[in-house]
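Here are my notes on the aromatic side chains in this one. Have the model open while you read.

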Amino acid sequence: MTEEARKAGMHRLVLADEAATLRLAADIAAILKPGDIVALSGHLGSGKSFLARAILRTLADDPTLDAPSPTFTLVQSYDTPRGTVLHADLYRVRSPDELDDIGLIEDIEQLVTLVEWPDRAGTRLPAGRRLDILLDVDPDNPETGRIADLSGGVLWKQRLAIAVASRRLIDAAGWGEAKRDFMLGDASTRAYERLTRANGETSVLMISPPRPDGPPIRLGKPYSALAHLAENVEAFVAMDHGLRSLGYSAPEIFAEDLSTGLLLIEDLGGGGVLDAERQPIGERYEAAALLLADLHRHTLPAILPVAEGRDHAIPVYDRQALAIETELILEWYAPHIAGVTLPAVTQAEFGRIWNRLFDEILAAPTTWTLRDFHSPNLIWLEKREGLAKLGLIDFQDALLGHPAYDLASLGQDARVDVPASLELRLLAAYGAARRADTPDFALADFARAYAILGAQRTTKIAGIFARLDKRDGKPGYLKHLPRIEAYLRRNLEHPALAEMKGWYQQHMPKLFEAG
């Protein structure tokens, strides 16, 4: 393959045998979406039907699915757990106009379409959603080998690059024969797969491509830059190394492709800090608080190594980041949830009150702020001892910030109700542990900062959940809003937040009506 082809997004894969072709089929099937077109080209006997059938069987989750080549029927439809799939063989088509008669083009944006001999369709197959696979016999291994040249339209380029790089990483790490299963993602652009070997051993593929810049919103910077969100996977690698060096159970990294944003990491399992009714297990939450107290007693570096000659500088949780997060409630929650339009003078007053509160926070010494220290990201490892019992899996957006922030994340868990009694227990356990190491630790001052940062965080999350619904079409997060609103009200009861409480009561009274 030429250098020009590589730059154009083309990928060449050498498939040594049928097993390699089946793995390619599984990799492709895993990322197919309604509207996608897989166009299979190559001379007779190159393996188009074999690959199409393998993709179909994977989509149908049925390795024995009877999927004959539609040479005579031209189009065959299949209902699968992933939606309707069309398999077309256009070898006998003589004109693209015939596609209207066989129903291939109709509703194509709602279906997954596999097409053999796509050249017979002319320009009737939309180029942007099309993945082209050109198959040929491998001249160096003509008995079982095939060569597959893959190229994709505009909506395929990144997915294809990630799929090819993932396969190469997995194979190179010795996990090539493992079964791959998609795991639930999160509110970010990251995705995860669990890999399972025949002996039951598992690992996790973390897919975290470089973050694309959004539109500039202030000082010529997008929100992600202002809020100091990780731009690439290097931040995760650096923090992972740093946490493991302190004896904490961050996942071991088995293999990495930093440029694409891929990591093959240790699977810490599914044990969490919630019980069967999804209620907090007090002892495990307390163990998490004690881990934070242990972390905060260390003098921690601001720069961590990523790889040879590459370092990651941990950003500071500065005034700019704190402020831009609170403003999410003005932009999204106020109009979409509270039903109010706030004039500029009212928004300016909101910012002025917060700035005075941030003065207190920014005057304190900083530590590693992991930033999403709550139940979805905490794994309970029963067989480990001490602080290593708590697995940590989400820390790529870590900053240098106030130590109270992560404890507020834990004590005001966005996904589950943490009773006020448990929250006080966590504060007491943390305070006792800090005083044991630093006798002059001032718990009252810490509790004040905890309330301020708890209010800042819940203000931010209220805005984010409203944005996920309104902008991103993810209404599922709205079910958590009553909890977030209750936490915010709880924080606003602290005397340090009296002025902020007054602002909310005057300009977003709906927040208090809910309570």
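The points below go through the ring pairs and then the charges over rings.

1. Bear in mind that this is a predicted model. Ring pairs come up 12 times in the count.

2. The pair I'd look at is Phe 350 with Tyr 504, an edge-to-face arrangement with 6.3 Å between the centres and 85° between the planes. It links distant parts of the chain: Phe 350 belongs to helix H11 (residues 344–362), while Tyr 504 belongs to helix H16 (residues 498–507), and the two are 154 residues apart.

3. The cut-off behind both calls is under 20% relative accessible area.

4. Tyr 504 has another partner in Trp 503: this aromatic pair is also edge-to-face, at 5.3 Å centre to centre and with 90° between the planes. Trp 503 is buried, as is Tyr 504.

5. Which residues do the ring pairs join up here? Phe 350, Trp 354, Phe 358, Trp 503 and Tyr 504 are linked by ring pairs into a cluster.

6. Now for the charges over rings. Arg 197 lies over the face of Trp 175, 3.7 Å from the ring centre. For Arg 467, the charged end sits over the ring of Tyr 223, at 5.2 Å from the centre of that ring.

How values were computed:
Residues are numbered from 1 along each chain as its sequence is written. This is a predicted model: local features need pLDDT of at least 70, side-chain atom pairs count only at pLDDT 80 or more; totals for chains, interfaces and linings use all residues. Side-chain values use heavy atoms; hydrogens and water are left out. Rings of Phe, Tyr and Trp (its six-membered ring) pair if their centres lie within 6.5 Å; planes under 30 degrees apart count as stacked, over 60 as edge-to-face and the rest as tilted. Helices (H or I, at least four residues) and strands (E, at least two) are DSSP runs, numbered from the N terminus. Buried means under 20% relative accessible area, exposed over 50%, partly exposed in between (1.4 Å probe, protein chains only). A charge sits over a ring if NZ of Lys or CZ of Arg is within 6 Å of the ring centre and within 35 degrees of the ring normal.
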